[in-house]
Structure formats: C-alpha cells, structure tokens
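Reader: I've got a few "how do you know that" questions about this one. Can we go through them with the structure in view?

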Amino acid sequence: MEVDFRNVTKKYGRTEALRELTLNLAGDKIIGILGRNGAGKSSALQIAAGHLKPSAGDVSMLGENPFNSLLVSANTILVHEGMAFPPALRLRAILAELERAYPAFDKKLAKSLLDHFGIPDHAFHIQLSKGMKNTFNMVAGIAARTPLTMFDEPLNGMDAGVRSDLLKVLLKEYIAHPRMILLSGHQLEGMEELFEEVVILHHGRLLHHGNADEFKEGFVRISGPESEVRRAASEVQVLELHETLPGMAEAIIMVRPGTTLFMNEGLGLKSTSVSLGDAYVAMTRKKGGIDRVYADATDGR
Amino acid sequence: MPINPESGIPIYLQIADWIEDGILTGFFEENEKVYSQYQLAEQYRINPATAAKGLSLLADQGILYKKRGLGMFVSPDARRIIFTRRRNGVLQEKIRDAVTEARLLGLSEVELISMLRDEMGGDK
C-alpha cells in the first residue's frame, strides 16, 4: 500500500487546514499521525479516504485519485467519531452491510468483539454512548481488514480497559493480516509503542516524518539545579525549559541521533528519555508556552 | 519484565536486555530458539519492527544467530559474549563515576590512582 500527497492544500473558506502537504507513506506499517487540534490530521485522512477533495495538489493511491474512486473506497476504511450509519439499521444489519462493502470483512471477529465489550448487536448506532460508539466503529475498522485502515482519534471516551483490549486486538490483527494502519491523535493513550513511523503535522504543514524509535531518541529530558540545566542546555537545541521547584529546572532538548550527551552527573543533573507525546508537544509548542502567555496577559506578575 | 517507556532506555534495548537476562539465567539455552519478533510484539504490546530491532542488535553481536525460515537461536558463545560485555561496561562506568567524583573533590590523578592501588591491595 502506498499513499502519496503532492503539494496538497485544503481550504475551508479562508482557513487553510493543509498547506502544500507533500508526504509519501508506503508499506504495511502502523503509522502515527500526530499533531495538536487543528493541525490538519483529520483533513489529511479524509482526503486519503476520498471523502474530501483537495483544494489544490494531487493525491494518489493504488494508482488513482481517491476522490470518487470505487477502487479506493473498497480498499480503505476511515474510522472516526462522525461515522454515519443509516439510523434505521441495527448494529447486526450494519455489520452485514460492511461485509458487502469490504471483501475481507470478518463478521465473526466483529461479533465476538462486540460481545466481549458488551455491545448488543440489536442496538441502533445512535443509541450507543460516545465510548460505545467509538468502540463499535473501531471494531468495524479492525474487522474490515482493508489494505489501508485509518483511525482518527479512535480511543476518545473509552474506558481504560476497553482501550487497552482494542489496542491489543489491533496489534494481533496487524500481525496476522498486515496492512497499512494510520492512527491519528493528539493524546496518544497507549498507542505510541505501536507506531513504526510517525508523521507530525503542525498548522497544516509537515513538521516531521520518520521512524518512531529514532524520532524519540532525538529528545532527552534533563533535570537538576537550574543553573546547571541552563549551562548544559546552552550548547544544544532546547525545546522547553521550565522551573520545577525553586532553584530546580527541567529541559527537553533535541540531540542528533547516535550522539551521546556529555553530562556531568556529579553536578546533580539527570537525563531521562522523553515520551513520544511529550516530544511532539514540546516540538509544536509556542515560544515560552502558557507561562509566557499568562505572564504577558497579566503584565508579568 | 514490564517494558517501561519512561525509563530512559529505548524499548528495543530493553527487549535485548531482557533476552540477555534470559540467556544468563538459562531460561534460553544455547542453540535454542528465542521468541520471534511477533511473539515479543504481542507480549509487550510494541510494534514488531521495534522488537525486530532488539533481536537484530543481539544477532549483530553474535549472541543470536538466524536460521533461515526458522527464527533466531541462542549461539553457543552467547553467555561468554554477554558476560564479557556487561562486566566491561559496568566496570567502565564505575571508573568514570570515580573520576567525576575525584574531579569534583579536586583530587589529583596521582591521588586517585593511589586510592585505587590501596583498594586493590586491600583485597589481597
């Protein structure tokens, strides 16, 4: 499977959701699409699924432009909170429809999972709570076994136990039936160890695309006495530096992959790894962050 | 062993360490098959590519060897390789710590070496 975006721009009125996005995704991998709210994640996924037409630029998948392509729609599923199913259909009828739409759909798996999560298949989709709706949608997406499977913020509103079970099933399914899986989110909620690659979008632009492990290794958190943290941080690229306790500070810094950071532990400095979530949040943070905004708004008091 | 994403050690190194521990304790015996990348991925809920990176790290050091189509096996030399590397690594680190501490205290090289010599002598 390969999805290719070339200079894709998407505008809603005056708002630009995507700005000249060029991105090539290839291989049966689990890829995290990360970014803050409004970064353009959902627009990118909807364009890949053929649900939206780009304002400019080209998208290609399976040799076709996804928009209005029957080939693409048979090979793609986009799971998101706004998934609309016919209100007159019970869940079991929806499963039957999905089976007709997707040749590899595994109805037995879907039914067993719904059963496990306590979702009765005679219910109507609109009757479900937010968490249950998202659970049903995600089960549908997993069971569809489409070569390109996309989940937009899939875990919202779910219980921790359900979330963890679904991620386990997703990984088992991926191993048994490899496919390209795109998972978007701004809160990662346990997904981060599943990613082989990450794509980071910021204000509609591509900020980073690469191997997830290497990306994470590019960041280090150092903490200790403030003066020492500042001194250590003065020679490297600092994404974030803040006081933790009076006289103590913590910084997230970027290091080139493969280099070791020289730190004198005798001075009380500690270095630890940074989670994927903290890394991308630090990378997309405005200078000074919320502390600066608050300080400016209140005249620095 | 639970994988700890916050521990400061990359996940694939934690996987490699865990297999090494298994070899040292005899859980994996020589010429025996170790877990596949997929088994490791499911067990620790990580991407199979990350698990594979841990396995190939051990293969690169000669701790594991690959049998085509069958998977990864513990090489007869594995224990010795792990033992040697860990001993050197740990000792090296402690020496570095001692040097850092000595500098902080303003000890000279001669003073530090004489302390080392005393320690070595004291063991006899």
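Reader: Which residue in E9(A) stands opposite A:Ile200?

Author: A:His208 does. Helices (H or I, at least four residues) and strands (E, at least two) are DSSP runs, numbered from the N terminus. This is a predicted model, where local features need pLDDT of at least 70, side-chain atom pairs count only at pLDDT 80 or more, and totals for chains, interfaces and linings use all residues. Residues are numbered from 1 along each chain as its sequence is written, with chains lettered from A and ligands numbered from 1 in the order in which they are written.

Reader: What makes strand E8 (residues 197-202) of chain A and E9(A) a pair?

Author: Pairing takes at least two DSSP bridges between two strands. Six bridges join E8(A) to E9(A), and the two run antiparallel, so they pair by that definition.

Reader: Why are strand E5 (76-79) and strand E9 (205-211) of chain A said to stand at the edges?

Author: The open sheet of chain A has six strands in the order E5-E6-E7-E3-E8-E9, with mixed pairing. E5 and E9 of chain A each have a single partner strand, so one side of each has no neighbour in the sheet.

Reader: How do you know that the length of helix H6 (residues 160-176) of chain A fits a helix?

Author: The expected span is 1.5 Å times one less than the number of residues. For the 17 residues of H6(A) that should come to 24 Å, and the end C-alpha atoms are 24 Å apart, so the two agree.

Reader: What makes the buried residues of H6(A) a single face?

Author: Seen down the axis, they fall within an arc of 135° (taken from the directions from the helix axis to the C-beta atoms), so they line one face of the helix. Buried means 20 or more other C-beta atoms within 10 Å of a residue's own, exposed means 12 or fewer, and partly exposed is in between, with C-beta atoms placed from the backbone. Among the buried ones are A:Arg163, A:Leu167 and A:Tyr174. The face turned away carries the exposed A:Gly161 and A:Ala176.

Reader: What do those buried residues of H6(A) pack against?

Author: Strand E3 (30-34), helix H5 (130-144) and strand E7 (180-185) of chain A, together with helix H2 (37-44) of chain B. Contact here means C-beta atoms, placed from the backbone, within 7 Å.

Reader: How many residues does each chain bring to the contact?

Author: Chain B brings 19 residues and chain A brings 19 residues. On the side of chain B that touches chain A, H3(B) has the largest share, four residues.

Notes. Contact = placed C-beta atoms within 7 Å.
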